[in-house]
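My entries follow the order in which I looked things up.

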Amino acid sequence: MILTLFLYVSFMRIWHKPFIYRAAVGFMMVLVVSLIWTLFRIEAFIRLTEISSEWSEFGGWHFASIFIFLCWTGLFHGMRYNDLLQTEHRIMLKAEAEAREEQMKRMHAQTIARDAQIKMLRYQLNPHFLCNTLNAISSLVEVNESQKAQSMTVQLSRFLRHSLDNNPDTKLSLENEIKALNLYLEIEKTRFGDRLILDFQIDEQARLALVPSLLLQPIIENSMKHAIAQNELGGTISILAKVQQHRLIMQLSDTGSGSKIGKSKMESSKGRGVGLRNTNERLKALYENDFSVNIDLIPLGGLRTTIELPCEYSSSGNGYPMSNQERLSENEYKA
């Protein structure tokens with residue numbers, strides 16, 4: 001035990017040396033310790049048995065001693081490397097746990113940033129609509145149309161309540177989205193009366209498809225501002241929705257203002273570009289690159305916007321937003 005304690009201290013001191021150096025020095029120390037142990041054993045054996053002829057068997061005694069200390073050396077290195085392996089494994093597990101925690105924090109921060117971005121893009125369009133509506137209500141009050149003004153105020157309250165109660169990244173069925181859109185269009189019909197004509201053609205298969213909340217309202221608002229309001233005869237706003245090859249296709253068009261629209265004006269911040277650009281950025285935040293928004297001029301006047309999204313359905317089948325558990329299950333199924 002005393003000799004192995006000497007080996008232990010020696011091996012620990014040279015542990016960080018190169019392997020060749022440790023092997024050579026270690027083997028020499030094993031030979032020296034084995035020699036000391038052999039001399040002690042033979043001398044003890046002679047004193048106990050009074051047989052002095054054992055010195056002739058020195059080689060065999062020494063070989064046995066070398067074998068014993070080599071076995072001890074192998075056991076020491078095995079336990080040492082196992083301890084280092086366990087330590088490295090614990091460090092690796094700790095690093096992985098810290099990396100996962102950091103990733104979760106980063107994903108949470110990205111989610112908060114994305115939600116803030118989506119809300120900013122959606123609410124950027126509301127002040128313009130709100131100002132127009134309040135001006136219309138004020139005009140109705142001035143001409144003593146109190147009943148229409150009261151009705152318009154109630155409609156505005158319903159629309160704003162719906163807008164505030166729904167998160168911008170919540171997905172609703174297209175049918176419920178059309179119902180929410182009608183809250184907005186009821187206000188506009190109070191303003192424009194018979195000048196505003198609506199033409200909705202929604203396929204049955206597309207009614208339950210999920211779309212982001214209040215996705216269509218900014219585009220319709222652009223049509224109201226740049227087409228219906230600027231045409232003395234008003235015009236028609238059309239919405240066509242269908243499902244093709246597991247993709248939801250929505251076409252929103254208007255009959256125009258009666259004057260030609262230049263492409264540069266259509267894409268400018270003072271033209272129709274604000275609502276379309278915000279809608280495009282919002283869809284990019286929700287679907288990354290798995291969507292398309294195309295804008296083209298109708299030969300007879302007006303503008304047509306085509307939106308193509310992945311066709312998704314609520315697992316509950318009722319057209320209402322999916323719960324967090326349902327979204328998680330759907331994502332696991334897709335993965």
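What percentage of the 335 residues of the protein chain count as buried? I get 38%, with buried meaning under 20% relative accessible area, exposed over 50% and partly exposed in between (1.4 Å probe, protein chains only).

Note on the source: this is a predicted model, where local features need pLDDT of at least 70, side-chain atom pairs count only at pLDDT 80 or more, and totals for chains, interfaces and linings use all residues. Residues are numbered from 1 along each chain as its sequence is written, and side-chain values use heavy atoms, with hydrogens and water left out.

**Overall.** I looked up the surface next. The protein chain exposes about 20,500 Å² (Shrake-Rupley method, 1.4 Å probe). Carbon and sulfur atoms supply 58% of that area. I then checked contacts, meaning heavy atoms within 4.5 Å. Among contacts with a separation of 6 or more, 71% come from residues 24 or more positions apart.

**Elements.** I find eleven helices and seven strands in the protein chain. These are DSSP runs numbered from the N terminus: helices are H or I with at least four residues, strands are E with at least two.

I traced an open sheet of five strands, in the order 2-4-5-7-6, with mixed pairing. Two strands pair if DSSP finds at least two bridges between them. Strand 2 (196-202) and strand 6 (292-297) are the edges; each has a single partner strand, so one side of each lacks a neighbour in the sheet. Neighbouring strands are turned by 10° against each other on average, direction ignored.

**Strand 7.** I followed its pairings. Strand 5 (residues 247-254) pairs with strand 7 (residues 303-310) in the antiparallel sense, over seven bridges. Here S253 has R304 as its bridge partner, and R247 has P310. Strand 6 also pairs with strand 7 in the antiparallel sense, over six bridges. D296 has R304 as its bridge partner in strand 7. Five residues lie between strands 6 and 7 in their hairpin, where G301 takes a positive phi near 110°. Six of the eight residues of strand 7 are buried, so this strand is largely enclosed by the rest of the structure.

**Helices on the sheet.** I took angles between N-to-C directions, from 0 to 180 degrees, with axes fitted to C-alpha atoms (for helices, over the stretch in contact). Helix 8 (residues 217-228) lies across strands 2, 4, 5 and 7. Helix 8 runs at about 150° to strand 4.
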